[in-house]
Amino acid sequence: MRYNSLPWDRPGRYILVKDRETGFYHSLSWAPTLDRPYQRYECAHGQGYTRITTECQGLKGVLTYFVPRTATAEVWRVALTNTSAAPRTLEIYAFVELLMGNALNDLINQPNDKHFPEVAFDDEHLCLVASRRYWVLNRGVTVKQPNVDWPYRLYFTNSLPLTGFDGSLDAFIGRWRSEANPIAVTTGRMGGTEITAGDPIAALQSMVTLEPQATQEFVVVMALAPKTAGVPEFLQDRGHLVPWSDRQLQELTAYWDRYLRALVVTTPDRDVNRSLSIWNPYQAAVTFEMARNSGYYHGGLLFGTGLRDRFQDILGVLIAAPERVRPRLRDALRYQFADGSTLHNFFRLTGSGEKTNHSDTPLWIPFGVMAYLKETADLDFLQETVPFYDGGESTVGDRLRRALDYSLGQLGPNGLPRIHKGDWNDTLDYIGPEGHGETVWGACFLAYILRETFPLWAWLQEEATLQRYQTAYTQLQQAVNERCWDGEWYLRAFRDDGSAVGSHRDRQGQLFLNAQSWAILAGIAPPARAQQAIAACRERLLTPYGMQIVAPAYREVEPNTGLISRCVPGKKENGAVFNHASSWFVLAALTAGETELAWEVYRRMLPANSAQDRDRYEVEPYVFAEYVTSPEHPTQGQASHSWLTGTAVWMLRIGVDGFLGLQPELDGLRLAPRLPAAWPEVAVQRRFRGKTLQVQIRGSGPVSAFTVNGERVAGNLLRVTDFVDEVLTVTVGP
Ligand code: NOJ
C-alpha cells in the first residue's frame, strides 16, 4: 500500500461493484466513487478489524478488513447480497496501489523509484505477484544508493474466478481519469498489463451472477512472503480461501478476547468501564506494536522510534502480556552507550539512530525496567547481559545505574539537570544550547526515578548505592524548592543565561503543567506548595477537555525558548490540552489527595467525553489522541495524533493503579484505592503474577486490612505468593 492515504482514503483498499446491465458502479467502502446513492453506510471498528456495511442500488456489501495473527497478509472479506427483486450480473474489481519498500523515497523521489517495481500475473496460482529490485533503508540522508534488494514478493488474489487483471496504474485508470472512474471499470475491459517499471498496482476483475436475496461470499488477499519462500501455502488452495479467512478472523477476535480478559473493570461509569476494559488496553497494545512505526501522524520514516516512548509503551501491555515486555526491554537497552547516555531514537530495520542529547531520554530506562520488575518480580532479569551501542556489554542492573549516574553527572549551576536539546517536552529545544540551561521538570523526573529505584537497592541489599541515590534525591529536592518556586507554582526551566522560563513575570508561557505535576509525583513539593500549585493549574489550565500544558500560550516567537513558541497558540506543546501531560496532572492530583479534581479531569479526557462534538473533534472518538486544541485557538476541541500517544498507557495505569489502587510493588500488590465519590463500589478482574485476582472494592481511604478467599489479611499489601489458589477473591472495604 502507498503511504499516507489519510485523511481522504486515497489511495485505498477498494472493491468496486458494477452492474453489467446498467453500467452503474459503486465502492463497498465509499471512497473513491463517493457520491453514490447509498441507503446505508456503517463503519464499525473492532479489536483487530474494521467492517464497512453499505446498501446501494439493491446491493448490500459487508466488507471486513483485517490482518490475521499468523499470516503475513491483509484480508478483505466480503459478503455481497442482492437485495433487489431481479437477478444481477456484476463485475467485481479489487484494487490497490502498491508502494513496496521505502515510503519516504516514494514521496520525495518517485520518478526514480518508478524504475524498480515489477508486477506479473502468476497463471499457476492465479494471482498478481509484485516486487522490486531496490530497497532504500533509513540510514540518514545520503546520495549513496544502496545495493540492496527488497527481499519480498507481494501476492494479490481474489477467491472468485478471475476474468482480468492489471499491474499498471496508467492502464487501469486511463488518461484524464482518476480512481473514481477507472477506464477498466467504465469499459469492463481490463488491460492484462504486467510491468517492469512505472506505477505498480494490483487490480483484479471477477464476474458474479446473483439471484434475488442471494449472497456471494468472497475474499481478497494481499500477502507478503520472502522471495526465497515462494507462494504462501494458504494461497495455494484458492478453493479454501473463504473458510481460511473466516478461521483467521475467529482466531483474531479470540486472541483479543483472551487479551482483554486480563483486565475487566466494573465501575458505575459505563465510559470508564469501556475504556479500561476494552479500548484503552487495546490502544495501548496497538501503540506497543505499531503506532510508533511509519504512519500518518508519526514521522516514523524520519524520526524512527523514540527511546523514551519505547520505555513508556511497555506500561500498557504489562498487565496482559508481561512476557512480551522482557524482550522489548532487552532490545531497547541496545541503544544505550557505555557512559549511560542513549540514542534518542532508532530505526528498527537498520539499528541506526540519532544521539540528540535530550536530557531525559536515558532516565526512561530505569523507569521501564522498574515497571517491569514491579509487575513480575523477575529479578533475574537484572543479571542478563545486554550489549552497549558503542561496544562491550553489561548487565541490565548495571544499565539502570549507568543511566542514573549519567544523569546525575549532568547537573548544572542550580543543581538541576542541564536541559541540552530538550526534555520530555521536545519543543523546549533552545533553552540550553550552550549547555548551561537547566530543566526543573527534569530535576523532578530524575528525583522521581531515583526514588522509584530505592526499593530495588534495598531489596538487593546494596546499601551504598541506596544511600548515594537518597542523598542525590534530597539535593534535588532542596534545589527545586530553594531555587525554583515562583510564588504560586514551580518554574519550568532556566536558560543558558540563567533567566527563568515559566514565571508569573513572563508575558507568555507563565505556568507549565508538567513542572507542577512532577514536583508532586516526585514527592518534592511540600503539601502547602502542592496545594498552591494545583490551585494555580486548576484556575489557569483546566479546560472542558482536560489540562492545558502551558498558559498563556506563546503568541510571539522566543528564539531562546524554542519550537514551542513557533507552534500555533493552543495547539501541540504550545498550550494544547496535551493529554499525555494532562494525565500526569490527574496522577499528581490523586497523589495530593485531590481525588475529585483528578476524577473530573480524567472524566473530561475520556474520548467519549472530549469527542462529544464529533465533527469538531475530527479523529477516532474511542481512543486517546495526543492532544486536543485548547480554547486558546479558534479550532478548540479539535484533536490530533490519535493512537500514537503515551496518554494511552498512562490513562490505563492511572485508572487501575491510581483510582482503583492496585499498585504493583516488588513484593506484591499494594491496595490503595482512591475512588471518587461517584463510585461507592467497584469490581476489578486483574491478572497478576500468574494469578487471576477478582477484587471487590467498597469505599475509599487507607486500607488497614482486606480479605483473600475469605481469609483476613492485615495491612494493605497482597503477597500473591502466600496463596496457592490460581483465582484469588479479594475484598477491600466493609
Ligand atoms: C512526542 C514524543 O513522541 C514524545 O516523546 C514527547 O515527549 C512529546 N512529543 C512531547 O514533546
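This is a predicted model: local features need pLDDT of at least 70, side-chain atom pairs count only at pLDDT 80 or more; totals for chains, interfaces and linings use all residues.
Residues are numbered from 1 along each chain as its sequence is written. Local features need pLDDT of at least 70, side-chain atom pairs count only at pLDDT 80 or more, and totals for chains, interfaces and linings use all residues, while side-chain values use heavy atoms, without hydrogens and water.

**Exercise 1. Locate the domains and size the contact between domain 2 and domain 3.**

Step 1. Take the bounds, which come from an automatic or database domain assignment. Domain 1 covers 3-257, domain 2 covers 261-659 and domain 3 covers 662-732.

Step 2. Count contacts (heavy atoms within 4.5 Å). Domain 2 brings 31 residues and domain 3 brings 24.

Step 3. Find the buried area, the accessible area (1.4 Å probe) that two parts lose on being put together, summed over both. The value is about 2,300 Å². Carbon and sulfur atoms give 56% of that area.

**Exercise 2. Find the polar links across the interface of domain 2 and domain 3.**

Step 1. Look for salt bridges (side-chain nitrogen of Lys or Arg within 4 Å of a carboxyl oxygen of Asp or Glu). The count is one.

Step 2. Inspect Arg686 and Glu375. Their side chains meet in a salt bridge at 2.9 Å, N to O.

Note on methods
A polar contact is a pair of N or O atoms within 3.5 Å; within protein, one must be able to donate a hydrogen and the other to accept it, and residues adjacent in sequence count only if both atoms are side-chain atoms.
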